[in-house]
Amino acid sequence: MRYLSRKPPGREPEPTTRLFCFPYAGGGASAYRRWQRGLDAQDAGVRVMPVQLPGREERFDEARFTDLDALVDDLDAQLDEELTEPHLFYGHSMGALIAYSLVRRRQSRGAALPRALVLSAYRAPHLPAPALADPDAGDEELVAGLVALGGIPEALLGHPEFLSALLPVVRDDLRLCLGSVAAHTERLRVPLHLFAGHGDRLVTVDEMLPWRSHAGSGCDLRTMPGGHFFVRSDEGAFLRELASLTRRYATERVAV
């Protein structure tokens with residue numbers, strides 16, 4: 001399955017409930033490389049399934065999507081078989097938009113849905129996309145915006161080869177986020193759990209609250225210390241909160 005990276009090591013038996021994780025702009029599946037051990041330590045009961053989008057990391061030589069509908073169509077088709085088993089979706093920033101849009105697509109065609117949708121650091125879909133920078137902004141402006149949000153460690157600014165690989169991916173991801181999200185009158189038929197960084201300057205807590213208008217099976221919001229990348233700056237604290245959610249929905253493998 002080309003969207004699924006090699007599973008990180010974890011304890012056995014493998015839980016039957018899967019947690020599909022969608023990356024933020026410029027990011028890849030490696031953003032979740034430590035999550036399996038971290039969640040296992042919290043008895044979260046899920047198998048982390050990092051989703052690798054084309055055009056990054058081991059899929060670097062593939063064309064990137066800049067159209068949200070086209071990406072969601074492809075994800076829906078490619079992951080359909082994997083999504084017949086019990087699962088949850090998690091997305092951070094751009095990943096939240098992708099995860100939400102995929103649930104919408106699958107709900108509209110009567111396909112299997114996640115037990116819950118967990119989203120962080122992205123505005124409700126009827127609001128304008130967060131304005132990190134124009135996709136066609138100069139490198140200096142784009143880098144400055146990423147550094148201010150904590151998206152690029154300052155230690156990497158002296159590595160031009162890193163920036164030359166990262167910035168084209170970020171630009172295309174920003175274009176993807178600017179794609180229109182179709183208006184929906186039907187609310188989500190899955191529980192919605194939201195996380196916001198208390199100090200996030202790109203997506204405020206108040207901008208997360210309107211997600212409630214899209215929820216039809218319950219919605220809650222938790223705030224975390226930190227800015228837009230609180231999932232990285234205090235990963236341990238976030239995984240403890242996430243595990244407290246996943247335990248509600250996880251099921252252990254039945255012995256045969």
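Which exposed residues does the face of α4 turned away from its buried side carry?

1. The model discussed here is a predicted one. In it, Glu140 and Glu141 are the exposed residues on the face of α4 that is turned away from the buried side of this helix.

2. The buried residues of α4 are Leu142, Val143, Gly145, Leu146 and Leu149. Viewed down the axis of α4, these buried residues fall within an arc of 160°, so they line one face of the helix. After α4 comes Gly150, which has a positive phi, near 85°.

3. Helix α4 spans residues 139-149 and helix α5 spans residues 160-177; their axes are 11 Å apart and meet at an angle of about 85°. Because angles of 65 to 115 degrees count as roughly perpendicular, α4 is roughly perpendicular to α5. On the α4 side, the contact is made by Asp139, Leu142, Val143 and Leu146. Their counterparts in α5 are Leu163, Leu166, Leu167, Val170, Arg171 and Leu174. Sorted by class, this contact of α4 with α5 has 8 nonpolar and 2 charged residues, and no polar ones.

4. The largest nonpolar core has 41 residues, and those touching the most other members are Phe22, Leu75, Phe89, Ile98, Leu117 and Leu119. Two or more residues are given to this core by each of β1 (17-22), α2, α3 (94-108), β4 (117-120), α5 and β5 (192-197). Helix α3 supplies the largest share, 8 residues. Apart from this core lies another, of 24 residues, with Val48, Leu88, Ala121 and Ala243 among them.

5. Phe89 may be considered individually. Leaving out residues up to four places away in sequence, Phe89 touches Leu19, Phe20, Phe22, Leu83, Ala99, Leu102, Val103, Pro114, Ala116, Leu117 and Val118.

6. Is Asp76 buried or exposed? Asp76, found in helix α2 (residues 68-79), counts as buried because its relative accessibility is 7%, where the cut-off for buried is under 20%. Beyond neighbours within four places in sequence, Asp76 is in contact with Leu102, Arg105, Arg106 and Arg109.

Conventions
Residues are numbered from 1 along each chain as its sequence is written. This is a predicted model: local features need pLDDT of at least 70, side-chain atom pairs count only at pLDDT 80 or more; totals for chains, interfaces and linings use all residues. Side-chain values use heavy atoms; hydrogens and water are left out. Axes are lines fitted to C-alpha atoms, for helices over the stretch in contact, and angles run from 0 to 180 degrees between N-to-C directions. Helices (H or I, at least four residues) and strands (E, at least two) are DSSP runs, numbered from the N terminus. Angles under 35 degrees count as roughly parallel, over 145 as roughly antiparallel, 65 to 115 as roughly perpendicular and the rest as oblique. Contact means heavy atoms within 4.5 Å. Ala, Val, Leu, Ile, Met, Phe, Trp, Tyr, Cys and Pro count as nonpolar, Asp, Glu, Lys and Arg as charged, and the others, Gly among them, as polar. Buried means under 20% relative accessible area, exposed over 50%, partly exposed in between (1.4 Å probe, protein chains only). A nonpolar core is a set of buried Ala, Val, Leu, Ile, Met, Phe, Trp, Tyr and Cys residues joined through side-chain atoms within 4.5 Å. The arc is that of the directions from the helix axis to the C-beta atoms.
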